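Subject: Structure handover

Hello,

Here is the structure you were going to look at. My notes on what turned up follow below it.

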Amino acid sequence: MCGACYDLLPAAPTKLCPLARCDYDRPPRHNLLAERQIAGGGLLLDCDNANHGCLFKGVVQELEEHLVECFFRTVPCPETDCRDRVRLSELDRHIATSPHHLSSGTGNWHFIIEEDMGGLRRADWPRRTQMVDGVTFYNQLVVRDGGWFAFVKVMGGAREAARWSCGVSVKGIATMACTTGLQVHSVDRTLEEILESGQYLALTKQQIKSIAKPLGSGNFQLRVKCYIAEKEDDMSEEESEEDEESEEEKESEEEEENEEGEESEEDMEA
């Protein structure tokens, strides 16, 4: 039997062969003939995650290809403040039952930051899950060592991530920082691996302060937008800018309507 099954055998008083009921050597010896057969692809093997629900069986090469995409493998939680590793099959439940900051919605969201002792710290820090063609994406903005990094992860492995590209923009009252053609990261990548890849929008604290919209009392409002598209239908930079401009016009119209409504209420009160 394989080492994984050997470890599952009852240990007391000694581990016995389940077929012949005889003792194993201590430590047990390798069965070189069986190992050669397995390495040569002559035997079907269970997935390493079979005990957690995976029903896949395949020869060595098939198993190696399967393991990197197995729905029952462990992955780092996409909430960067959470250090847990969980099974991909249980990720949604983990996020729903733990104190995470991920919320569902579109790729466009605002949040408030506040100035604290000459630096910027988070006050209300939503991260966003976004659905595109039935695929779940995790939009992130994190602060590490004084730098602000925005990127996108996908609920899938390297093959799924290779299908997609993204653009990320951070916009305030008058200026904008934007990067297009970024790689979407697989759910398997840790934050450290993402930062090493260079596939993100990076900003300094000074840039954030110049971009963010001042709200008074030391508070600022920041707008983050994530564009996600399959690589065959990848959105060009010009299309992204046009879409950004149309959304800006829509938001300006909504703000004007709100201001007009407030003025009407003031007139009525007068």
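**Aromatic pairs**

Phe 149 counts as buried, because its relative accessibility is 14% and the cut-off for buried is under 20%. Please bear in mind throughout that this is a predicted model.

What does Phe 149 pair with? Its partner is Tyr 200: the ring centres are 5.1 Å apart and the planes stand at 85 degrees, so the pair is edge-to-face.

The structure holds four aromatic pairs. Another one of them is Phe 71 with Phe 72, again described as edge-to-face, at 5.7 Å centre to centre and 75 degrees between the planes. Phe 71 is partly exposed, its relative accessible area being 42%.

**The nonpolar cores**

The largest nonpolar core has 27 residues, and the members that touch the most others are Phe 137, Val 152 and Leu 222. Elements that each supply at least two residues of this core include β9 (135–144), β10 (147–154), β11 (164–171), β12 (176–183) and the helix α7 (205–211). β14 (201–204) and β16 (219–230) are also on that list. The largest share, five residues, comes from β16.

Neighbours within four places in sequence aside, Val 152 is in contact with Phe 137, Tyr 138, Asn 139, Cys 166, Val 168, Val 184, His 185, Cys 226 and Ile 228. There is also a second, separate core of eight residues, among them Leu 88, Leu 102, Tyr 138 and Val 187.

**The β15–β16 hairpin**

β16 also takes part in a hairpin with β15, with two residues between the strands. β15 covers residues 213–216, runs antiparallel to β16 and is joined to it by three bridges. Within this pairing, Pro 214 has Phe 220 of β16 as its bridge partner. Ser 217, in the turn, has a positive phi of about 55 degrees.

**Helix α3**

Which residues of α3 (residues 60–67) are buried? They are Val 60, Leu 63 and His 66. Viewed down the axis of α3, these buried residues fall within an arc of 125 degrees, so they line one face of the helix. The face turned away from that buried side carries the exposed residues Gln 61 and Glu 64. Among the elements covering the buried residues of α3 are α2 (32–39), β1 (45–46) and β2 (57–58).

**Asn 49**

The loop between β1 and β2 contains Asn 49. Asn 49 is buried, with a relative accessible area of 10%. Beyond its neighbours within four places in sequence, Asn 49 is in contact with Cys 54, Leu 67, Cys 70, Phe 72, Arg 73 and Arg 87. Phe 72 in that list is also the ring partner of Phe 71.

How far apart are the C-alpha atoms of Asn 49 and Arg 87? They are separated by 9.7 Å, with the two residues 38 apart along the chain. Their side chains are joined by a polar contact of 3.3 Å.

Regards

Methods:
Residues numbered from 1 in each chain as written. Predicted model: local features only at pLDDT ≥ 70, side-chain atom pairs only at ≥ 80, totals over all residues. Heavy atoms only, no water. Core = buried A, V, L, I, M, F, W, Y, C linked by side-chain atoms within 4.5 Å. Buried < 20%, exposed > 50% of the residue type's maximum accessible area, 1.4 Å probe, protein only. Helix = DSSP H or I, 4+ residues; strand = E, 2+ residues; numbered from the N terminus. Contact = heavy atoms within 4.5 Å. Pairing = 2+ DSSP bridges. Arc of directions from axis to C-beta. Polar contact = N/O pair within 3.5 Å; in protein donor to acceptor, adjacent residues only side chain to side chain. Phe/Tyr/Trp six-rings, centres within 6.5 Å; stacked < 30°, edge-to-face > 60°.
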